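Subject: The structure we talked about

Hi,

Here is the structure I promised you. Have a look at it first, and then read on for what turned up.

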Amino acid sequence: MQHVDVLIVGAGHGGAQAAIALRQQKFAGTIGVIGAEPELPYERPPLSKDYLAGEKTFERILIRPPAFWTERDIAFLLATSVLSVDADKRQVTTDNGRVVGYGSLIWATGGAARRLTCPGHDLRGIHTIRTRADVDQLESELATTTRVVVVGGGYIGLEAAAVLRKFDKHVTVLEALDRVLARVAGAPLSRFIEGQHSAHGVDLRLGAAVEAIEGSDGRVSGVRLAAGEIIPADMVIVGIGIVPAVAPLIAAGAKGGNGVEVDAFCRTSLPDVYAIGDCAAHPNAYAGGAVIRIESVQNANDQASMVAKSLTGLSEPYAAVPWFWSNQYDIKLQTVGLSIGFDTAVTRGDPDARSFSVIYLKNDAVIALDCVNATRDYVQGRALVMAGSRIAVDRLVDTTIPLKDMIAG
């Protein structure tokens, strides 16, 4: 791979979908994919769910079988990272000294798991969940692990906690804020999720700031909180977000900071350089036009497909409605829309019955739904979000009225 018509940097969901979509759009040029990991593209969500639980083998989470890529003449450089981008010469340089030229560049690198910086952050037994190698290493230590401390009450940390309770590990979750999922959901959902984890035996600590990781013989032995308490631990799992992997693009002159900034067509400020997925800060209509990053498979896949269309003459701005999902115990959480800036959150259904939805409104318009074991609300609520429907609260909470009947409301 010395020169390709389209070079894709990143072999995750976005990078894989970009290559797939280009061939679906009958793109006849050469396609190359550079991936930092040694594996062909695989699904990321199962890492903290089915794969960690041992319910799916790695082969079952491959996005496509190996033969698929060969048959479509999509070339890979794996276990390779891009160190620099020369936008004028239209080429990248990798960590093993290779120079690859391109006609168009799609940056789909996602990000690296954010790590602790406190004293003891480099002790053995501290893990993140971002790659297959992360989970394989974590699993190799589970047999000798009894007590696990999870730092971070976001989706990754909570999903990992749920799996580890299935393995009968003693699990403590530390969340620095006053509720879990505080950055992505309203209080009604947070309190329900907290209750479910507590009911399953998780020791959930809110407002718990980590001061240091304690160790013995180079391995973690506990987590010291700012309040002084030391929580014993054989293993620590850190789930505190990601750092977008965009340094080479920024160094090359691309506009950005917390991610690389792109326009409505995912174009960066560099010529013929696109960015998609977790690392792309884009204007989003469902966030009132604000420039944001969305860390989801849906966003990565939809942006990838849009860029593939642009490169084959079918330009259209990115306008997909965001959606997310999470499985914890027997809870299936499905989210549609973005609750950013909501001013009202109403609960439809009964949380005690373990099937309900939290509906978010801004200026009386529906902007998002969090649906717990309520797939019908999720499917029907999507239309309300897309339309920005204005519906009286008393109708929204009336479960005798299907949400689909409110679309014109």
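Predicted model: local features only at pLDDT ≥ 70, side-chain atom pairs only at ≥ 80, totals over all residues.

Strand E24 (344-350), strand E25 (355-362) and helix H9 (375-387) each give at least two residues to its lining. H9 provides the largest share, 4 residues. If you want to find the spot on your screen, look for lining residues including Arg-348, Phe-356, Asp-377 and Leu-403.

Now for the inside of the protein. The largest nonpolar core has 41 residues, and those touching the most other members are Ile-129, Val-173, Leu-189, Ile-193 and Ile-237. Helix H5 (residues 155-166) brings the largest share of this core, 6 residues. There is also a second, separate core of 28 residues, with Val-33, Trp-69, Ile-74 and Ala-108 among them.

Leu-138 leads us to helix H4 (residues 132-140), where Asp-134, Val-135 and Leu-138 are buried. Why do they sit on the same side of H4? Because they cover an arc of only 90° around the axis. The general rule behind this kind of pattern is that an α-helix has 3.6 residues a turn, so residues three or four places apart point the same way. Among the elements covering the buried residues of H4 are helix H2 (50-53), strand E8 (126-127) and strand E15 (235-238).

Is Leu-123 buried or exposed? Its relative accessible area is 18%, and buried means under 20%, so Leu-123 counts as buried. Not counting residues up to four places away in sequence, Leu-123 touches Ile-213, Glu-214, Gly-215, Gly-218, Arg-219 and Val-220. For a sense of scale, take Asn-373, which is 250 residues from Leu-123 along the chain: the C-alpha atoms of the two are separated by 39 Å.

Enjoy looking around!

Terms used
Residues numbered from 1 in each chain as written. Heavy atoms only, no water. Core = buried A, V, L, I, M, F, W, Y, C linked by side-chain atoms within 4.5 Å. Buried < 20%, exposed > 50% of the residue type's maximum accessible area, 1.4 Å probe, protein only. Arc of directions from axis to C-beta. Contact = heavy atoms within 4.5 Å. 1 Å grid on protein atoms, 1.4 Å probe; cavity = no way out; pocket = protein on both sides within 12 Å on 5 of 7 lines; lining within 4 Å.
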